[in-house]
Amino acid sequence: MRRSTAFATAFGATRSVYEVLRRRAPGDPAQWQRKNYAGRTVDLYAGPAAAVGAALATSGRAAVAVVAAGACGAYDDLKGDHRRGFRAHLSALGQGEVTSGAVKLFGIGAAGLAAGALLKERPVDKLLAGIVIAGTAHLVNLVDVAPGRAAVSVLGIGAPGLLRRGTAGALAAAPMGAAAAIVTEDLGERTMLGDSGAHALGAALGTAIVAGNGRAGLAVHAAGLIAAAVYGDEVSRLAGSPM
């Protein structure tokens with residue numbers, strides 16, 4: 001798939017699903033509404049719409065991670081208990097409680113490794129690819145703390161990938177097309193990506209990074225993403241602690 005085709009496919013599919021959900025979302029309408037950082041009511045329709053758009057525009061092997069990341073994020077959006085930080089979820093898991101955060105952690109991690117195994121040939125490269133895909137999914141979700149932040153980040157991080165020819169360029173165009181389709185509504189505080197959209201777009205972006213890098217590049221990206229995850233977890237833990 002060419003870059004322009006991937007971008008247009010993701011953009012069109014995302015807009016279509018978003019409009020359908022706005023008119024007739026399944027289930028209780030209240031479950032699709034959230035209060036944003038400013039206390040305004042926004043909908044969650046952009047999340048599944050972006051996940052579907054990115055997945056449809058992503059090649060078959062890479063789409064595994066996008067679909068799984070979006071599904072795990074959607075579960076957290078609708079059923080999550082909103083505990084902060086990996087340590088809180090792992091601690092609960094140690095006590096026999098499976099939280100939505102644990103589902104995301106292991107579900108997206110496994111999906112990243114599965115996609116990495118399909119995209120790379122050597123064991124070390126497969127592992128690094130899995131870390132990059134899952135880590136990028138987490139990174140985009142991590143920056144989703146204000147209107148449009150995640151969508152704009154996807155557009156910025158993905159832009160250099162458009163300069164690459166072949167699969168890497170098309171894979172970069174997919175999440176960018178999906179992000180571009182809803183960024184105006186996101187910035188206008190009418191909708192939000194939520195965990196579903198942020199994780200799906202991040203996973204799609206991660207597959208583009210994997211496709212465009214060899215072992216050295218994957219190692220550098222993996223190290224940076226691990227450092228960002230550790231830092232983000234600490235910030236989340238402190239933010240969730242009583243003052």
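Which helix of the chain has the lowest confidence, and which the highest? Confidence is lowest in helix α4 (residues 86-94), at a mean of 61, and highest in helix α2 (residues 46-56), at 97. The score is pLDDT, the predictor's confidence in each residue, from 0 to 100. Helices (H or I, at least four residues) and strands (E, at least two) are DSSP runs, numbered from the N terminus. This is a predicted model: local features need pLDDT of at least 70, side-chain atom pairs count only at pLDDT 80 or more, and totals for chains, interfaces and linings use all residues. Residues are numbered from 1 along each chain as its sequence is written, and side-chain values use heavy atoms, with hydrogens and water left out.

**View 1. Arg40 forms a salt bridge with Glu189.** The closest N and O atoms are 2.7 Å apart. (A salt bridge is a side-chain nitrogen of Lys or Arg within 4 Å of a carboxyl oxygen of Asp or Glu.) Arg40 lies in the loop between β1 (33-35) and β2 (41-43) and Glu189 in the loop between α8 and α9, so the pair ties together parts 149 residues apart in sequence. Glu189 is not a glycine, yet has a positive phi of about 60 degrees.

**View 2. Lys104 and Asp195 form a salt bridge.** Their closest N and O atoms are 2.7 Å apart. Lys104 lies in helix α5 (residues 100-119) and Asp195 in helix α9, so this pair links parts 91 residues apart in sequence. Lys104 is buried at 13% relative accessibility. Asp195 is buried at 12%. (Buried means under 20% relative accessible area, exposed over 50%, partly exposed in between, with a 1.4 Å probe and protein chains only.)
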